[in-house]
Amino acid sequence: MDKEVFMHPEVADFLNTSFINYKVNAEGSGSFIASKYGVSAYPQFLFIHADESLFGDILGGMTAERFLKKTEDIFYRTEKGAVIHAFGEAWKTREHTPELVIQYFHLRRSAGLDNSTFLEQWLSELHEDSLDLPHNERILMTYTTRTDGQAFTTICRKQNGSPRYSNKINALLEKKCKEVCLSGSEKQLDTLMNDTQKAFQHIPHKMALRQAQFKHLFYLENNPDKKYVSATETFMDAHFFPLVKNTAHHTDSLLVKEYLAELSNIAWQYSNFITKKAALKTAAAWLEQTNQIVGESPERNQYIVQLLTKAGARE
């Protein structure tokens, strides 16, 4: 339960927002709690009011989805939960006006509840042209919190005309990247790569940069010196140097600056975390080659010295 359920983002958000969570060993220091509430099997999850009265419990292990559903049902017995439940009933029977959508989504979010299913339903009911209306745009931008589903796809489709959409996409992808790094799952990393491709499919250099950044973070967090190095080499050879060599002809100067900033980030990571001597020397060569293309930089020169010094210390 600790790893598969309580680490699940939706479960964690809901529990941490709507409850004060306390874990005890019912056969040790928490035996008095077990005795008071008649706990006789484990694991058991008790929901207790401030006056120490019990208003719900869940017995046994289960999937994150099932645990979340049971927890929501218990939450609806609280005063705030009852209000949200009433709005949920109104959602089933009334027209989804902007006022109802905003009120219902705000209440759910204030309790740490995910709105994705309801947001998808709302989107499916809208005409494409109505998304440009200020109140509908506000709903889309405020309550899209995941990179799967039609809401994220819609934001990706509309990003060309507005920096706000691009900023929203980057924020969602970075949030997803943190979750993936924490999970250590390469399967989830593949999903993140697909989400990034969907977001920037019409901006290939931007897509390559973001995918490289997310891979760097994941492998640095979970597998330093191995896949991190090979992923970085692929990015540098396939994307970085071809772009930097054509800086004079590239229209997106900000993107070139982002690539150079990422190069500095890579060098910093290598100088602090990577231990392979060959990789350190390769990174120094990347910096020297970049100096030849775009001119020297004090920061890059500093990193070159650090990398070569560290590599030399291992000879």
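Which residues of H8 are buried? They are Ala 151, Phe 152, Thr 154, Ile 155, Cys 156 and Lys 158. The cover over these buried residues includes H6, H7, helix H9 (163-183) and helix H10 (186-199). The model is predicted.

**Helix H8 against helix H6**

- Helix H6 spans residues 116-125, and helix H8 spans residues 150-158.
- The two helices pack at an angle of about 55°, with their axes 9 Å apart.
- That angle makes H6 oblique to H8.
- On the H6 side, the contact uses Leu 119, Glu 120 and Leu 123.
- On the H8 side, Gln 150, Ala 151 and Thr 154 meet them.
- By class, the residues of this contact are 3 nonpolar, 2 polar and 1 charged.
- Ala 151 and Thr 154 take part in the contact with H6, and both are listed among the buried residues of H8.

**Helix H5 against helix H7**

- Helix H5 covers residues 98-110, and helix H7 covers residues 134-143.
- Their axes come within 11 Å and cross at roughly 15°.
- H5 is therefore roughly parallel to H7.
- The crossing of H5 past H7 is left-handed.
- H5 contributes Pro 98, Val 101, Ile 102, Phe 105, His 106 and Arg 109 to the contact.
- H7 contributes His 135, Arg 138, Ile 139, Thr 142 and Tyr 143.
- The contact residues of H5 and H7 comprise 6 nonpolar, 3 polar and 2 charged.
- H7 also belongs to the cover over the buried residues of H8.

**Cysteines**

- A disulfide is a covalent bond between the sulfur atoms of two cysteines.
- How many disulfides does the structure hold? The count is 0.
- Cys 177 is in no disulfide, and the nearest cysteine sulfur to it, that of Cys 181, is 3.9 Å away.
- The cut-off for a disulfide is 2.5 Å.
- Cys 177 has 4% relative accessibility, so it counts as buried.
- Cys 181 has 12% relative accessibility and counts as buried too.

**Backbone geometry**

- Most residues other than glycine have a negative phi, and most peptide bonds are trans.
- The peptide bond from Tyr 42 to Pro 43 is cis. Its omega is near -10°.
- Pro 43 lies in the loop between helix H2 (31-37) and strand E1 (44-48).
- Glu 52 is not a glycine, yet its phi is positive, at about 75°.
- Glu 52 sits in the loop between E1 and strand E2 (54-59).
- Is Glu 52 buried, partly exposed or exposed? At 46% relative accessibility, Glu 52 counts as partly exposed.

- Where is Glu 233? This residue belongs to helix H12 (residues 227-245).
- Glu 233 has a relative accessible area of 31%, so it is partly exposed.
- Glu 233 and Ala 279 are 46 residues apart along the chain.
- The C-alpha atoms of Glu 233 and Ala 279 are separated by 9.2 Å.

Definitions and conventions. Residues are numbered from 1 along each chain as its sequence is written. This is a predicted model: local features need pLDDT of at least 70, side-chain atom pairs count only at pLDDT 80 or more; totals for chains, interfaces and linings use all residues. Side-chain values use heavy atoms; hydrogens and water are left out. Buried means under 20% relative accessible area, exposed over 50%, partly exposed in between (1.4 Å probe, protein chains only). Helices (H or I, at least four residues) and strands (E, at least two) are DSSP runs, numbered from the N terminus. Axes are lines fitted to C-alpha atoms, for helices over the stretch in contact, and angles run from 0 to 180 degrees between N-to-C directions. Angles under 35 degrees count as roughly parallel, over 145 as roughly antiparallel, 65 to 115 as roughly perpendicular and the rest as oblique. Contact means heavy atoms within 4.5 Å. Ala, Val, Leu, Ile, Met, Phe, Trp, Tyr, Cys and Pro count as nonpolar, Asp, Glu, Lys and Arg as charged, and the others, Gly among them, as polar. A crossing is left-handed if the near helix is turned anticlockwise from the far one by less than a right angle, and right-handed if clockwise.
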